[in-house]
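Biologist: Could you take me through this model, beginning with how helices and strands are assigned?

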Amino acid sequence: MYGACREHVEQVIEHFLFAHERAPELLLLSEAVPQEGLPGACYFCPLPPVYLVK
Ligand SMILES: [Zn+2]
């Protein structure tokens with residue numbers, strides 16, 4: 001599971017496709033159920049994530 005800010009969401013999706021060889025599920029972090037292991041930052045920068053790519 002990766003966090004993504006608005007600016008990097010496309011890059012995070014590409015990274016996911018490359019790493020996992022399948023299309024990711026894209027969620028808004030604000031709609032995700034709070035749980036352990038949620039990313040605290042975008043995968044490509046220190047900004048708080050807006051999306052979850054999983
Ligand atoms: Zn970012």
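Modeller: Helices (H or I, at least four residues) and strands (E, at least two) are DSSP runs, numbered from the N terminus. This is a predicted model, in which local features need pLDDT of at least 70, side-chain atom pairs count only at pLDDT 80 or more, and totals for chains, interfaces and linings use all residues. Residues are numbered from 1 along each chain as its sequence is written.

Biologist: In which order do the elements run from the N terminus on?

Modeller: The order in the protein chain is β-α-β-β, with 1 helix and 3 strands.

Biologist: And which residues form the largest nonpolar core?

Modeller: That core has 10 residues: Tyr 2, Ala 4, Cys 5, Val 9, Val 12, Phe 16, Cys 42, Tyr 51, Leu 52 and Val 53. At least two of its residues come from each of strand E1 (2-4), helix H1 (9-20) and strand E3 (51-53). A nonpolar core is a set of buried Ala, Val, Leu, Ile, Met, Phe, Trp, Tyr and Cys residues joined through C-beta atoms within 7 Å.

Biologist: Is Gly 3 buried or exposed?

Modeller: Gly 3, in strand E1, counts as buried because it has 24 C-beta neighbours inside 10 Å. A residue is buried if 20 or more other C-beta atoms lie within 10 Å of its own, exposed if 12 or fewer, and partly exposed in between, with C-beta atoms placed from the backbone.

Biologist: What does Gly 3 contact beyond four places in sequence?

Modeller: Its contacts there include Leu 29, Pro 39 and Leu 52; two residues are in contact if their C-beta atoms, placed from the backbone, lie within 7 Å.
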